[in-house]
Amino acid sequence: MQTARERNTIIISKQVQEKTLCYHCGVPCINSAIHIDQKIFCCEGCKLVYEILNENGLCNYYNIQSHPGLSQIKPIRNDKYAYLDNEDIAKRIYKFTDGKNIIVTFYIPGVHCSSCMWLLEHMHKLNGGITESRLNFTTKELTIHFTSDKISLRKVVELLATIGYEPYISLEDAGKGKIKYSNKARIYKLGVAGFCFGNIMMMSFPEYLSIGSGIEEKYALLFRVLNMVLAVPVFFYCASEFFVSAWRGLKQKTLNIDAPIALALIITYTRSIYEISTGVGSGYLDSMSGIVFFMLVGRIVQDRTYSSISFHRDYKAYFPIAVNVITPSGQKSKNLQDLKEKDIILLYNDEIVPADAVLLDSTALVDYSFVTGESEPVTIQAGNTVYAGGRLCGEQVRMQVVKPVAGSYLTSLWNHHAFTKNKAKNNADKSIIHALSRYFTYILFALAAITAIYWAINDPSKILPSVSAMLIVACPCALLLSATYTNGNILRILSNNGLFLRDPTVIEQIGKIDQLVFDKTGTLTENSQHFSATGHQLSEQEKEWVYNTVVSSRHPYAQAIANWIGIQPTCQVKEWVESRGKGIEALINNERILIGSAMFVGVVPAADEKANVYVRINDNITSLHVKQVFREAIPQMMPKLRERYTISLLSGDNDKQRGLMHDLLGDSSELLFGQKPIDKLHYIERLQSNGKHVLMIGDGLNDAGALQQSDVGITLADDINNFTPSCDAILDANKFKNLPAVLKLAAGSKRVIALSFIISIVYNIVGLTISMKGLMAPMIAAILMPVSTLSIVLITTGASSLLARRLGLSLRDAE
């Protein structure tokens, strides 16, 4: 007879064979060692989250979507968020507080599905001190209301981290003036404009449809008065942003894109009021409200494309809000901006070095890849300087600040004049649309003046009808809508295919590009490290031993080896010892395992065969060489780019891979290695001084200056919601293969806009010719305006979608 425990074990074993996915996060499980009943987990972190949710009656989290959790939740250090107990620091995060009730908003990068939303909006069940929680799924911002006498800010953050939704808290969060892309006022205006436009059109139909037979006078007057009332909020509220923008341009003595729109709206509205008041006609209020409605729709479509992504991050978004400082009275948390020279700071594994400092402990391993581009961590000896922006790898260390944050090397780079440029404004000023709008306005005024002079001589009674009809019929909105809707649709298509642009002006700049500049580490190559092994080939059993030896270490090479081998079954490890800067030693199944430097494992390598890491199991030696692997899409993508662009490579790394890069990028490419951030920026400047239009693609802070200086700067991101430096666009690394096609689509948008411009110009020429002769009936003019607008919308949307389909791009919204 089998016991209940044996039967349960058999059931679990069968389940592992049939389906080995973690119940919480969906990661494959090696065995059934970690389980509750028949639910199997990949790690203790996932199991802990399930236990918390189960105890609080929140297991519906798993019913909404299968395996909704984040993969392999890592335990957090007990004092990681101790700085939030400092009220001065906490106050900088509060959105509101009355001393007891507090409101905070956190950015939660891990939000990805409806289960996440459901759980985060039920946090009050996890702790009674939380009274309300609301998630903005688009921006991934969680707003929490809590009472300070029941739960502290630190406990709120720790609770989020425990259930797998650790918030991203940075120095930028404590600052003022954070840019927001959501424009609620414009949404309200669209709602009002849509309501009024629909009702005005409905009440205009009887008069349109009764041509020849007429409409009863009392009803005609009623409908016209109602239209006048409905047009008031459209003109004075919904259209206000066009008037404000046009006035700002006039004060700077320029005619911007909104100036002709504002003029057309004023003429249309005033003539409509005049006609209805005097009983001459029904006016053009339906056309006016339609123009405002469609222009607002076009702009909101553009806004929504990049509402959830930040393109204006600087070093403050990369740095923590506070740091641990060692004082005579003990350890305390201190605002990062309050750090002073000679402060002694304590840093832990994976934390950012916040300011230039001198190392006080014997050694430290620092990863500068995000600052300099050097792919391998650097060993720093006691007494040497550690620069701000580096990431500590391994055990905790003490450092003494030599320069405050404002004077650090990283901050000095950010103070370069390249970061003071307003690229969006400069691009808008150079836009062909602005130029066309100015020329259109000048030509229209000239024709209106000629028409007025002609009729003043021949028939003065036709001056006002003819001139006003010209200004109404020749409304530039059709011209401007063609660009607005083309750009809006292309922004949508580009985002579906992994490229998120800062604003529509970037599309036009991409069309001018003739030079591509790539960063190497993390851009052309993958961020994760791969190894090639020489010497003794590890058996499956030995891989299991090596994995269990390195998995507990925080050293980057140890973590890379664990990822390279893959998750292995747990086995008993004895006498595990890690020597800082040297290696790891352990005893498994009476086998002595040494992993580390050549000296640590007792190997004397040949000068030309030095490996990064050595593994010694008894007398068997395996040499592990770190190799950088190209992203999967690169080999197929690069020949397509070489056909259209001149290509350069800028790398902060050494030139070991010069030959490989030469074969990839071609004979005409320029390869520069050992480039510091300022060198990259100056290289872009030299290209631009030679007349090149440069597109730079990078991934780290070391590329920030070059990205800002270039005509178009694209940041490649493995996770578009993680930190990325200031840029014009963010490219999802998972869709890197789409780069040639999306660049072609952006360049092709000029042809789509040109086509719609030609159609608009033909319409305007016909309308102006009839109006100048005084033959344009008000009713016909009122009908032609919305018809032309709708035709432009359909043509531009269809043409841009057809172009995208021909390039093999997805038209559907990304899931």
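This is a short exchange on how some labels are assigned in a predicted model.

Modeller: Residues are numbered from 1 along each chain as its sequence is written, and side-chain values use heavy atoms, without hydrogens or water. In this predicted model, local features need pLDDT of at least 70 and side-chain atom pairs pLDDT 80 or more, while totals for chains, interfaces and linings use all residues.

Biologist: Why is C25 called buried?

Modeller: Buried means under 20% relative accessible area, exposed over 50%, partly exposed in between (1.4 Å probe, protein chains only). C25 has 11%, so C25 is buried.

Biologist: What makes C116 count as buried?

Modeller: Its relative accessibility is 0%, so C116 is buried.

Biologist: How many disulfides are there?

Modeller: A disulfide is a pair of cysteine sulfur atoms within 2.5 Å. The search of the whole structure finds zero.

Biologist: Why is N738 called buried?

Modeller: N738 has a relative accessible area of 15%, so the label is buried. Leaving aside neighbours within four places in sequence, N738 is in contact (heavy atoms within 4.5 Å) with N497 and L809.

Biologist: Why are α9 and α10 called oblique?

Modeller: Helix α9 (residues 240-251) and helix α10 (residues 259-278) pack at about 125°, with axes 8 Å apart. Angles under 35 degrees are roughly parallel, over 145 roughly antiparallel, 65 to 115 roughly perpendicular, and the rest oblique. The pair is therefore oblique.

Biologist: Which residues make that contact?

Modeller: F242, F243 and A246 of α9 meet A259, I261, A262, L265 and I266 of α10. By class, that is eight nonpolar, no polar and no charged residues.

Technical notes: Axes are lines fitted to C-alpha atoms, for helices over the stretch in contact, and angles run from 0 to 180 degrees between N-to-C directions. Helices (H or I, at least four residues) and strands (E, at least two) are DSSP runs, numbered from the N terminus. Ala, Val, Leu, Ile, Met, Phe, Trp, Tyr, Cys and Pro count as nonpolar, Asp, Glu, Lys and Arg as charged, and the others, Gly among them, as polar.
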